[in-house]
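I opened the notebook to follow the nonpolar packing and then the join between the domains. My entries are in the order in which I looked things up.

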Amino acid sequence: MAKIIFYGGKGGVGKTTSSTANSIHFANKGLRTLLISTDPAHSISDVLEMKIGREIIKVRDNLYGLEIDPEYEASLYIDKIRQNMKTILSNVIIDEINTQLDAAMVSPGTHESALFDKMAEIIIEKFDDYDVMIFDTAPTGHTLRLLTLPGLLEDWMASLIKKRKSIVGMNKMLSKKYDEKDPVLEILEKRQKRFGEIKKILIDGNDLTLRFVLNPEQLAIEETKKAVAQLEKFDLPVEALIINRILPEEFNNEFWQKKKEQEKVYLDIIEKSFPNKKLIKIPLIDSDIRKNTIDLIAEYFKEA
Ligand SMILES: Nc1ncnc2c1ncn2[C@@H]1O[C@H](COP(=O)(O)OP(=O)(O)OP(=O)(O)O)[C@@H](O)[C@H]1O
Ligand SMILES: [Mg+2]
């Protein structure tokens with residue numbers, strides 16, 4: 001049974017760095033860990049300096065990686081809809097809908113739905129194979145917000161199924177085809193089952209942990225407060241904050257010394273604003289974070 005950790009935060013704050021470092025820490029402790037990126041660009045492949053793709057690959061002892069490409073998943077998703085449609089609708093309508101599906105392929109909503117489906121599939125299928133699953137989210141997709149959806153979607157599916165059942169019931173009365181299984185109903189029931197399963201794991205099962213990355217700056221603090229409050233409104237508590245890029249203590253330069261004083265004020269505000277959260281502090285290091293420096297960052301996750 002896996003513990004599931006999602007990393008969120010604004011663009012460029014250090015989500016990929018933190019989620020990768022956290023994964024390395026768990027793997028070093030002997031836990032079977034799966035690190036999953038939902039961002040095809042500048043991602044865990046770059047940090048770990050190895051090709052990680054659509055299939056789970058071993059990164060090092062106890063650590064496995066996977067990159068989900070939302071665009072690719074969206075095209076599979078649309079293809080599946082086209083297939084399902086063929087069994088239900090007439091050719092004339094299919095042509096019309098196909099045009100609309102082509103447009104849907106590039107819409108962000110489709111990417112999010114496809115991403116959600118893929119994440120749900122991985123969580124449901126791999127839940128028993130790993131001790132920890134860590135998701136590094138993309139800055140543009142509102143991946144964390146997707147987590148608030150399974151409950152809503154389950155209810156929505158239930159109402160669609162009810163409606164469909166009444167239509168199917170009427171058709172049956174008219175055509176007297178009593179024993180044919182309705183394909184639309186089958187699809188709806190399958191999706192409802194998946195939303196139910198994912199909700200059971202993520203929300204009811206307490207297996208989900210959310211972590212937020214931020215830099216010690218004023219705007220970031222305000223935005224994090226808002227994001228945390230929003231998630232908590234949906235009963236998705238944020239367990240820890242990762243404060244990344246903390247400046248060194250001493251500078252022999254007036255400009256940087258002043259910056260450091262300012263940062264201390266912000267660190268203080270963070271501690272006061274989030275009294276119940278675990279705070280993981282990571283220093284700014286003097287190079288980009290790559291294969292040879294990521295283990296250094298993993299050290300800071302010892303308490304986490
Ligand atoms: N503590 C640090 N010290 C030095 N460089 C860092 C630190 N944390 C992150 N970086 C660098 O900052 C850049 C952005 O970090 P990272 O990719 O982890 O952020 P991200 O939140 O995942 O970004 P995105 O929102 O684009 O996915 C990278 O080049 C990374 O190497
Ligand atoms: Mg990233």
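I began with isoleucine 123 in this predicted model, and, leaving aside residues up to four places away in sequence, I found that Ile123 touches Ile4, Met133, Phe135, Ile198, Ile201 and Leu202.

I then looked up the largest nonpolar core, which has 48 residues, and noted that Ile123 is listed with Ile4, Phe6, Met133 and Leu210 among those with the most contacts inside this core. Helix H8, residues 183–204, gives the largest share of this core, namely 7 residues. I also noted that the core draws at least three residues from each of domain 1 (3–145 + 206–301) and domain 2 (148–203).

To their contact, domain 1 brings 20 residues and domain 2 brings 15 residues.

How much area is buried between domain 1 and domain 2? I recorded about 1600 Å², with 69% of it from carbon and sulfur atoms. Looking for charged pairs, I counted 0 salt bridges between domain 1 and domain 2, and my entry for residue pairs in polar contact between them, with both at pLDDT 80 or more, is also 0.

Last, I asked which helices supply the side of domain 1 that touches domain 2. Helix H3 (70–86), helix H5 (108–126) and helix H6 (143–146) each supply at least two residues there, and the largest share, 6 residues, comes from H5.

Methods:
Residues are numbered from 1 along each chain as its sequence is written. Chains are lettered from A and ligands numbered from 1 in the order in which they are written. This is a predicted model: local features need pLDDT of at least 70, side-chain atom pairs count only at pLDDT 80 or more; totals for chains, interfaces and linings use all residues. Side-chain values use heavy atoms; hydrogens and water are left out. A nonpolar core is a set of buried Ala, Val, Leu, Ile, Met, Phe, Trp, Tyr and Cys residues joined through side-chain atoms within 4.5 Å. Buried means under 20% relative accessible area, exposed over 50%, partly exposed in between (1.4 Å probe, protein chains only). Helices (H or I, at least four residues) and strands (E, at least two) are DSSP runs, numbered from the N terminus. Domain bounds come from an automatic or database domain assignment. Contact means heavy atoms within 4.5 Å. Buried area is the accessible area (1.4 Å probe) that two parts lose on being put together, summed over both. A salt bridge is a side-chain nitrogen of Lys or Arg within 4 Å of a carboxyl oxygen of Asp or Glu. A polar contact is a pair of N or O atoms within 3.5 Å; within protein, one must be able to donate a hydrogen and the other to accept it, and residues adjacent in sequence count only if both atoms are side-chain atoms.
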